[in-house]
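I opened the model to record selected contacts between and within its chains. My entries follow.

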Protein chains: 2
Amino acid sequence: MARAVSETHGEILAAAARRFAVTGYRGTSLQDIAREVGCSKATVLYHFANKEALLAELMAPAIAVLRALDDQLTGLTGAAAQQAAAVGFVDLAVRFRREIALLRGEFPELLCQPAFAHIQQISERLRDALAGHSDRPGARITALVLLAGISEGCAEFVDVPDDELRPALLTLVRRALEPVDASLPQPPTTEDKET
Amino acid sequence: MARAVSETHGEILAAAARRFAVTGYRGTSLQDIAREVGCSKATVLYHFANKEALLAELMAPAIAVLRALDDQLTGLTGAAAQQAAAVGFVDLAVRFRREIALLRGEFPELLCQPAFAHIQQISERLRDALAGHSDRPGARITALVLLAGISEGCAEFVDVPDDELRPALLTLVRRALEPVDASLPQPPTTEDKET
DNA sequence: TCAGAGCCTGACCGATCGGTCAGATTGGCG
DNA sequence: CGCCAATCTGACCGATCGGTCAGGCTCTGA
């Protein structure tokens, strides 16, 4: 009955992604995942140290891109930071919306766990950049609503095709953001050209 | 030791609100609430039929206003619906941001519970109105991001004063929404006069 | 042939959850 | 006084959770 390790490992990962997407991380038990795979709960814990490690492996690609975006943002200020944050985050959300979706509303609690502690800081820097590093309350509120709204909305965007979702989100973000500096307006409607 | 019923009842309610705001609904046990009040878990369940009833009583005022907004929206179409939905929802979010905040990211799961089933439908109608009843994907995505973002952001708006939060949200929503009908643009920058 | 590594499992663990229940305590009232 | 209803509690319940463990199975290679 013993399958190749990579096979079962991958099956568990896929099953976990499916269940998390439906019932969330906390709402999905190891038993649920095992049932979906057709193995025992002990097998799940043979392939993954614990439940958190399972989530971490699922989120790893998205987190890597998030860190890259964070690096790319350091040093940028004002409108340049705002632009880069907007484009980068929309790209991230579109590419990894399935991964983001399976966290549903559990960001606040998950970010408190040690394994994801640094994500908290990254997301705060991202919000700051999206606000153009302005300390005006309106700018900070706008940035927060956009980040939270896009993150939470991902669950419902799963079936929207990329080339429809990306321009829609980019347009929304660009329109919502006030230019941080009137002498540096948004680049002239280049709707979609970036990495 | 027995206090007047209204007294303990209110203390439990207040303690629950405090705990829910910190650790969320699911992350707060009846034991936690009892500890905060200084009574036994059985006492909590003497005053409230179950945990869900506690939450329902906490959310009742907000839900009543939400239903009123829903009623007010029926019959309106296009830009009129969009305007009314925007102003109404921003008002709701500002007034009841503490109540909304204590749900954190648990909307999706709570809305599945029978006691809150109708909220699901109301929020869908609200989203539809905010999109100006348009079926353009962009409009629907924008409406969803705004609703989700403001709902989820409430937890962080708790300390922002009303007269700072409301205009900021109104400006954001008005700027983000595309006018559903070019011949009916947004009313000329009357930033803040409504019920 | 056989030892061992890799894979898998049922049984079990302690903790915690929401919820129940019989009974102790108390305060008001006839 | 005695009665009763309201209030409150400790002990307990069944269910579920994440996680552990000893051992069984199968395949491989010396």
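I looked up the salt bridge of E156(B) with R127(A) and found the closest N and O atoms 3.7 Å apart; the term requires a side-chain nitrogen of Lys or Arg within 4 Å of a carboxyl oxygen of Asp or Glu. The count between chain B and chain A is two salt bridges.

I noted that this is a predicted model, in which local features need pLDDT of at least 70 and side-chain atom pairs count only at pLDDT 80 or more, while totals for chains, interfaces and linings use all residues. Residues are numbered from 1 along each chain as its sequence is written, chains are lettered from A in the order in which they are written, and side-chain values use heavy atoms, without hydrogens and water.

I then checked the extent of the interface. Chain B and chain A each give 32 residues to the contact (heavy atoms within 4.5 Å). Together they bury about 2,500 Å², 69% of it on carbon and sulfur atoms; this is accessible area (1.4 Å probe) lost on being put together, summed over both. I141(B), V145(B) and R175(B) supply 24% of the area that chain B buries against chain A, more than any other three residues.

Technical notes: Buried area is the accessible area (1.4 Å probe) that two parts lose on being put together, summed over both.
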